[in-house]
Amino acid sequence: MSIDWITVAAQIGNFLVLIWLLKRFLYRPILDGIDARESEITQRMQAAVVAKEQAAEAEADFREQLSDLRFRQSEMTDSAQQQAEAQRDSLLAEAHQRLERERQDWAIHLDEERAKYIAKLHKAGAGALLSLTRKALCDLADQNLETQMAHHLVTQITPMAADLHRAAGSCNAALVTSHAALTPAAQEIVTTGLQQQFPGIAVEYATDAAQAPGLELRLGGAELAWTVDSYVDDLAALIEEQLAAGADLKAQPHEI
Amino acid sequence: MTLSPDQTLLFEIWGIAINATIFYTWVVMAVLTGASMLVTRNLRPDVPPNRWRTTLEVIVQGIQEQIQEIAPNPSRHLLYFAGTLFLFIAASNLLLVIPGFTPPTSSLSTTTALALAVVLAVPLFGITSRGIGGYLKTYIQPSFVMLPFNIISEFTRGISLTMRLYGNIMSGAVIAAILLSVAPFFFPVVMDLLGLLTGMIQAYIFTILATVYISSATSPAKPSQSALPEKETL
């Protein structure tokens, strides 16, 4: 066991060289790398903190926008609902008005149709009544209707001759109108009958298609009529009564 | 039987005899430097660390943490010095497993050189840290009477470091050589395993003690530092 001082000096030199080599190739690169990585990690963490703060701000902003949007959506929904309800009420009111108007129009139309039908029925009834009467009178009594009507006119004016004279005054002409032209025999009967009551009176004859079957006499201010209007009115009333009964029967199932 | 590799002359360079101690020291230096260069040659911030770089980082940071536990505010120079001490002694002792390799630390000249380096480093670090006046004051603390004892303490530190490391490593090599002649197929393996263990322990102890000496010279004296002699007994 001895110490070689030359070797000691050489080893001290070797050790110093080794310190320099390891400092150059080991410690400095490793420690600098660690420091750089720590610095990078610190920067990244700071960036992460900043990003997190930004994300939190963005989240808060987003939540605020979402809340605002929900509020606006609620408002828009309420407004739309109110508009829809108003529009529905308007449409319903309009429909009700239109239905009411149509119902009124339909009622007017029904009244018009009814009036037309009644007029038509009145006319047809009058014609049928006159035709049946004439046929029955001819078949059963061998008499002419117009002739009998002329006799009836003459018979009827006889008791009221005084009243007719007062009504006629100074009038010396009489007008006899009928639905259809009177036969000459019937005109002769009427003319004779009137001249017996009013001597020298001129009798004129005229036809009026709008007039009901029968005779009308106009003498000054007096006017006398013997027509089938009253009979036709009775017939129309009877038919209307029957029609009303039929309408009630039709309406009953709907009411049930 | 040769006890010291200083006596084994391998070759000459320009008339200078190179013994086994110096040669194997160069081998250890080449291994440490070469490995460091290979790992750190492509070390850039944009390149992710590989397993070798991570290994070196673990080693360097382990040394740094050990130093920080002893010295409150260590400088990088202390890391360079103490870390190189540890890596050199540890690598020398670990290469013992290679057949034909003689650890330089089994040479009394090497351990003396390392101890002298520590003895010289203590005042250098102390003067750098405190200034020359502040450092010299440590020799007369706690009183002027302690000056000779402190001076003696400085030299005995070196001697103790030298003998401890040399004795452990050389004794292991000698015992392995003796047992190799007695039971050549069994005991050398066991002794080599024990040699690896004691070699790492000695590297750790040598480095720790050197760090303690340097840190005691660079920091103000504290009452708690009375524990230093206990560590020295290792």
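How many disulfides does the structure hold over all chains? The count is 0, where a disulfide means a pair of cysteine sulfur atoms within 2.5 Å. As for the cut-offs, buried means under 20% relative accessible area, exposed means over 50%, and partly exposed is in between, with a 1.4 Å probe and protein chains only.

Before going on, keep in mind that this is a predicted model: local features need pLDDT of at least 70, side-chain atom pairs count only at pLDDT 80 or more, and totals for chains, interfaces and linings use all residues. Residues are numbered from 1 along each chain as its sequence is written, chains are lettered from A and ligands numbered from 1 in the order in which they are written, and side-chain values use heavy atoms, leaving out hydrogens and water.

Now for the aromatics. Searching the whole structure turns up 7 aromatic pairs over all chains. To pair, rings of Phe, Tyr and Trp (its six-membered ring) need centres within 6.5 Å; planes under 30 degrees apart are stacked, over 60 edge-to-face, and the rest tilted. One of the pairs is Phe11(B) with Phe23(B), edge-to-face at 5.8 Å centre to centre and 90° between the planes. This pair links distant parts of the chain, since Phe11(B) sits in strand 1 (residues 9-13) of chain B and Phe23(B) in helix 1 (residues 20-40), 12 residues apart. Helices (H or I, at least four residues) and strands (E, at least two) are DSSP runs, numbered from the N terminus. Phe11(B) is partly exposed at 32% relative accessibility, and Phe23(B) is partly exposed at 28%.

Tyr24(B) is buried at 15% relative accessible area, and Phe101(B) is buried at 10%. Put together, Phe11(B), Phe23(B), Tyr24(B) and Phe101(B) form one aromatic cluster.

Last stop: helix 7 (residues 187-218) of chain B, where Val190(B) lies. At 30% relative accessibility, Val190(B) counts as partly exposed.
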